[in-house]
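User: Let's walk through this one together. I'll ask, you answer.

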Amino acid sequence: MHKRGINMGVTFDETEKKFVFDFEHDGTNDIVSLTGNGYQVEAFGKCFYYGYEFSEQVESSIRTAFIKYVKFTDALQDTPNLTNFIKKAIDNLHKKINLYNFDIVVMPQSSSKVNQYMLRYIYRFAQPSLYKMTLVKALPSNISFDMNAYEKQYLDDVFEDGRPRYTPAAKEQAKSSINAMLEMIHKKDYFTIAKDVKKSKYRPYIMNFLRFGSEEERELCTMIRQQNVLVVDDVTTSGSTLNEVLRTLRILNEDNEITIFSLIGRKDLMADSY
């Protein structure tokens with residue numbers, strides 16, 4: 001880790017056990033760089049912008065600790081370095097996409113205060129008529145699996161010579177495993193895709209994971225057409241939550257132009273998202 005008194009980007013002070021911010025310089029021990037202007041990558045089939053990404057050499061324990069620090073600091077307004085961290089990312093996003101052009105902002109419900117803080121700051125740039133919509137997690141008993149799509153896109157796969165990749169017995173075994181997984185999910189009090197569905201091949205087929213916070217929001221999203229929609233989330237690691245947000249929006253409306261922003265993201269999300 002960095003030497004005391006030398007602050008470069010965001011580093012972790014081992015002696016003080018705290019994160020140190022320097023918005024002017026970067027260094028080899030940075031957790032994230034603060035002097036960049038944000039990042040852009042094609043992911044989720046959409047244009048995905050993110051403010052910061054972790055340095056490749058950061059230990060997973062430090063990375064996890066920083067995510068918790070960002071997401072769960074009690075009083076953001078009393079933490080200037082963290083609020084500046086968020087504002088800088090939004091300012092850079094505005095330079096790239098012009099937030100005045102957006103009509104709707106959608107975000108998943110979160111116990112983190114960061115999403116709400118980002119929304120308040122986004123309103124500095126957005127139109128007064130900007131609609132805000134929240135997607136909340138559905139009850140585990142309402143979650144389903146798109147078996148038809150999974151069978152068509154995965155189980156019906158063939159080799160180059162045209163031979164089926166899976167035998168009928170293997171297909172039935174896979175379906176049985178999926179049904180057992182669903183039964184387990186339905187018995188839970190709480191469910192998260194990133195934690196509970198370890199095999200990424202299942203994630204795109206989990207249905208009804210998110211729902212609108214109110215019926216009024218759902219009806220509004222159905223009616224609004226050809227608008228610019230900004231999807232916002234605080235930290236994107238696996239990409240599973242953003243995939244579910246996009247799917248929920250697309251079920252109701254195929255006409256809107258959707259852009260995604262995350263405060264902290266990853267450039268390799270495209271490989272991990274499908």
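**Pockets and a helix**

User: How do the residues lining the largest pocket divide?

Analyst: The lining has 13 nonpolar, twelve polar and eight charged residues. Here Ala, Val, Leu, Ile, Met, Phe, Trp, Tyr, Cys and Pro are nonpolar, Asp, Glu, Lys and Arg are charged, and the others, Gly among them, are polar. This is a predicted model: local features need pLDDT of at least 70, side-chain atom pairs need 80 or more, and totals for chains, interfaces and linings use all residues. Numbering runs from 1 along each chain as its sequence is written, and side-chain values use heavy atoms, without hydrogens or water.

User: What counts as a pocket?

Analyst: On a 1 Å grid over the protein atoms alone, a pocket is an open set of points with protein on both sides within 12 Å along at least five of seven lines, where a 1.4 Å probe fits; lining residues have an atom within 4 Å of a point.

User: Which residues lie nearest the centre of the largest one?

Analyst: K71, A194, V235, T237 and T241, out of 33 lining residues. The space is about 890 Å³, counted as what probe spheres on the points fill, with points joined across faces, edges and corners.

User: Which element gives the most to that lining?

Analyst: α1, with six residues. β6, α6, β10 and α8 also supply at least two each. Helices (H or I, at least four residues) and strands (E, at least two) are DSSP runs, numbered from the N terminus.

User: And the second largest pocket: what is its volume?

Analyst: About 320 Å³. It has 16 lining residues, with N208, L210, R211, R218 and T248 nearest the centre. β9, α7 and α8 each give two or more. The largest share, five residues, is from α8.

User: Back to α1. Which of its residues are buried?

Analyst: I62, F66, I67, V70 and K71. Buried means under 20% relative accessible area, with a 1.4 Å probe and protein chains only. Down the axis of α1, the buried residues fall within an arc of 160 degrees, so they line one face. The arc uses directions from the helix axis to the C-beta atoms.

User: What covers them?

Analyst: The cover includes β1, β2, α2, α3, β10 and β11.

User: New topic. Why does H94 count as buried?

Analyst: Because its relative accessibility is 19%. H94 lies in α2. Setting aside neighbours within four places in sequence, H94 contacts L99, Y100 and F125; contact means heavy atoms within 4.5 Å.

Definitions and conventions: Buried means under 20% relative accessible area, exposed over 50%, partly exposed in between (1.4 Å probe, protein chains only).
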